[in-house]
Amino acid sequence: MNIDGLYDKLTLELRRGAIVLAALSQLAEPQYGYSLIQRLAERGMAIDQGTLYPLLRRLEDQGLLNSEWKLEGSRPRRYYVISEAGTQVLERLAAEWRGLNDVMNKLIGD
Amino acid sequence: MELIDRYIHEVGRYLPSKKRVDVQAEIRSLIEDSLESRAEKLTEADVVAVLKEFGPPAKVAESYGGTHNTLIGPEYFPTFMTVLQIGVTAQIIAQGVGLAVALAQGSNPGTAIGDALIRFWVGTLMTLGIVVLIFAALERAGVAVPSQSKDWNPLTLPKIDDTEKVSRTEIGGEIAAGVIGLTLLNPLSNWAGDVLAPYIRWAGLLLVLQVLLSIYLLYKGRWQTGTRIARIVIHLMGIGLVLSLVRLGWPTIIAGWGVGDAPGLVTGIQIGLYLTILTLIWQIGKLIVQIVRSQRTADLPLPNGDANLSAKAS
């Protein structure tokens, strides 16, 4: 594998966990898939549609999100919002992230 | 937008029926959101671009927890390979016995070997098919493999069989068999008659060589390339001896024993001789594989078995 391909793969792995945290952090208010992508992108976190949408689904299956269909005009959209369990997990993940961030900054030198 | 319908239909093919309608509806809504943001007036190129962004249908379905796409997963694979090896070995043995019987009954060797190879090929394919079916069924049913689950116990790891170490019971048994064989040879040559006498002397020489090699192995405690080659040479001489026995006129010899005209006995002896040859060839093959393997590991700077660490741990 060439170095660019390897880099892409490693970046993907590195971001995978962070994306969960990013999504949970922005779902205090209900969002549908596309609006969440926009919201995250505006805040500097660009995520592939193909990555985020199935992730929302999985988080719902795990009980961290709730969802419901809403009809807007003639368009049905599925809205996701963080659940009680999701809020708890978010808090702990955020603490973990901050700790990890400190350690990593020390390791790679700020 | 017919293209979107086709895409969503295709994704649905890979989704479990329980989730299908719901996931399809969601993907449709997401695609429409995505298209809406692109342009007022949509062209086919826009749709193609958005669908490409979503990804190939099977992959999208898989990321939504679609169908299980592995026939035999990593948990089952090692066991699958072991069972397959056992199956193929059983095929080799079965076809070897079949070949020996065919040769003993006087089939043309070329045809008999050709037939055996075809039967081996067909039999192996069938074994492969059956083993794959069984493991695919296990995989699908999601039966857990204890040795691969999270609470596996390192203490239950199988022992490594050290192929370089001489098995004392095996070699001891071989020496005993060799000595018993040698003591039987003299009465046997008296009984078997003059025709067989030179062959029996030949067999005696091989037995002596075999016993000497075994004693040397017991003394050394480990197999080496030299001892393996010596054993191959003894096996080859054995094959030579058995082949010349095959060519003897057994009906006449047996007639000399006074057991009458015994075609069953002749066939029996021939089958035994052919099986001996096949066994010796199998043994030679094994020895060659072991030589190649030991050459591969010879250059590695590994400690020889009893590393300090394992001594500390126990």
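## Where the chains meet

Across the interface of chain A and chain B, 10 salt bridges are found by the rule applied here, in a model that is predicted. One of these links joins B:Glu36 to A:Arg77, whose closest N and O atoms lie 3.5 Å apart.

The contact draws 16 residues from chain A and 16 residues from chain B. Between them, the two chains bury about 1,400 Å², and 45% of this area is on carbon and sulfur atoms. The size of an interface is often given in this way, as the accessible area lost when the parts come together.

Chain A holds an open sheet of 3 strands, arranged in the order 1-3-2 with antiparallel pairing. Because strand 1 (31-32) and strand 2 (65-72) of chain A stand at the edges with a single partner strand each, one side of each has no neighbour in the sheet. Strand 1 of chain A pairs with strand 3 (residues 75-82) of chain A over 2 bridges, in the antiparallel sense, and A:Gln31 has A:Tyr80 of strand 3 as its bridge partner.

Helix 2 (residues 17-38) of chain B packs on this sheet and touches strand 1, strand 2 and strand 3 of chain A, while its direction makes about 100 degrees with that of strand 3 of chain A.

## The nonpolar cores

The largest nonpolar core has 42 residues, of which A:Leu52, B:Tyr7, B:Ile27 and B:Ile31 touch the most other members. Helix 1 (residues 3-25) of chain A gives the most to this core, contributing 6 residues. A second, separate core of 39 residues includes B:Ile175, B:Trp250, B:Ala262 and B:Tyr274.

Terms used: Residues numbered from 1 in each chain as written. Chains lettered and ligands numbered in written order. Predicted model: local features only at pLDDT ≥ 70, side-chain atom pairs only at ≥ 80, totals over all residues. Heavy atoms only, no water. Core = buried A, V, L, I, M, F, W, Y, C linked by side-chain atoms within 4.5 Å. Buried < 20%, exposed > 50% of the residue type's maximum accessible area, 1.4 Å probe, protein only. Helix = DSSP H or I, 4+ residues; strand = E, 2+ residues; numbered from the N terminus. Pairing = 2+ DSSP bridges. Contact = heavy atoms within 4.5 Å. Axes fitted to C-alpha atoms, helices over the stretch in contact; angles between N-to-C directions. Buried area = accessible area lost by both parts, 1.4 Å probe. Salt bridge = Lys/Arg side-chain N within 4 Å of Asp/Glu carboxyl O.
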